[in-house]
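Here is a short report on one protein chain. Keep the structure in view as you read, and find each residue as it comes up.

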Amino acid sequence: MNRQTIENVLMEIGMPVNLKGFTYITDAVMLLDTPEWKNPKWTAMYYKIASMNGDTPTRVERAIRSAFTSTRHRVANYDMIEHYIGFANCENSNSITYLYKNIKMDYPETVQPSFDDLEITADTIKEIVRQTLKEMLKEIA
């Protein structure tokens, strides 16, 4: 997931950029996008974000809570806030997970083709080698 996309969404919902929670929420969403943090223990997540930013886990939790509360009270764009973080369940873990899932849904990443999809046979390899040899012999002559 792209950090810029997360920050743009947070700005669109009206979250103040100057809050520490803004950075911490961005870090949390980025961590959720990694395999080892798919189903996090939130205290461990706060600890990880704190160590990344030189802060304490308690301050990280408080800054995130404050950023979400501030955004919900400002109500700069009601529909966007409702869509990305909601008003019903205001716990940090639910808000971050809801934000992550909605960003993932709204901004799907382009899938890179894998080599597993290609069917490579011995004949294909022989033809590639022939073509390469022909090109090399032309360059020498």
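## Ser-95, a buried residue

Ser-95 has a relative accessible area of 0%. Buried means under 20%, so Ser-95 counts as buried. This is a predicted model. Look for Ser-95 in helix α6, which covers residues 92–106.

What does the side chain of Ser-95 make a polar contact with? The partner is the side chain of Arg-72, at 2.7 Å. Arg-72 is also in the list of residues that Ser-95 touches. Leaving out residues up to four places away in sequence, that list reads Phe-68, Arg-72, Tyr-84, Ile-85, Asn-89 and Cys-90.

Thr-71 sits in helix α4. Its relative accessibility is 0%. The cut-off for buried is under 20%, so Thr-71 is buried. Which residues does Thr-71 touch, not counting those up to four places away in sequence? They are Ile-13, Gly-14, Met-15, Pro-16, Ile-81 and Ile-85. Ile-85 is also among the residues touched by Ser-95.

Now move to Thr-132, in helix α7. Thr-132 has a relative accessibility of 38%. A polar atom of the Thr-132 side chain lies 2.8 Å from the backbone oxygen of Ile-128.

## Lys-20, on helix α2

Lys-20 belongs to helix α2. Is Lys-20 buried or exposed? Its relative accessible area is 54%. Exposed means over 50%, so Lys-20 is exposed.

Lys-20 still has contacts. It touches Asp-55 and Ala-63, not counting residues up to four places away in sequence. Compare Lys-20 with Glu-36: the two are 16 residues apart in sequence. In space, their C-alpha atoms are 24 Å apart.

## Where α2 meets α4

Helix α2 spans residues 20–32, and helix α4 spans residues 57–74. Their axes come within 8 Å and cross at roughly 105 degrees. Angles of 65 to 115 degrees count as roughly perpendicular, so that is how α2 and α4 are placed to each other.

Which residues make the contact? From α2 come Lys-20, Gly-21, Phe-22, Tyr-24 and Ile-25. From α4 come Arg-59, Val-60, Ala-63, Ile-64, Ala-67 and Phe-68. Sorted by class, the contact has eight nonpolar, one polar and two charged residues.

## Where α3 meets α4

Helix α3 covers residues 42–53. It packs with α4 at an angle of about 100 degrees, and the axes are 8 Å apart. This angle makes α3 roughly perpendicular to α4.

On the α3 side, the contact has Tyr-46, Tyr-47, Ile-49 and Ala-50. On the α4 side, it has Pro-57, Val-60, Glu-61 and Ile-64. How many of these residues are nonpolar, polar or charged? Seven are nonpolar, none is polar and one is charged. Val-60 and Ile-64 of α4 take part here, and they also belong to the contact with α2.

## How confident is the model?

The chain has a mean pLDDT of 86. In all, 91% of its residues reach 70 or more. Where in the chain is confidence lowest, and where is it highest? The lowest is in helix α7, residues 122–140, with a mean of 79. The highest is in α2, at 95. Remember that Thr-132 lies in α7, while Lys-20 is in α2.

Technical notes: Residues are numbered from 1 along each chain as its sequence is written. This is a predicted model: local features need pLDDT of at least 70, side-chain atom pairs count only at pLDDT 80 or more; totals for chains, interfaces and linings use all residues. Side-chain values use heavy atoms; hydrogens and water are left out. Axes are lines fitted to C-alpha atoms, for helices over the stretch in contact, and angles run from 0 to 180 degrees between N-to-C directions. Helices (H or I, at least four residues) and strands (E, at least two) are DSSP runs, numbered from the N terminus. Angles under 35 degrees count as roughly parallel, over 145 as roughly antiparallel, 65 to 115 as roughly perpendicular and the rest as oblique. Contact means heavy atoms within 4.5 Å. Ala, Val, Leu, Ile, Met, Phe, Trp, Tyr, Cys and Pro count as nonpolar, Asp, Glu, Lys and Arg as charged, and the others, Gly among them, as polar. pLDDT is the predictor's confidence in each residue, from 0 to 100. Buried means under 20% relative accessible area, exposed over 50%, partly exposed in between (1.4 Å probe, protein chains only). A polar contact is a pair of N or O atoms within 3.5 Å; within protein, one must be able to donate a hydrogen and the other to accept it, and residues adjacent in sequence count only if both atoms are side-chain atoms.
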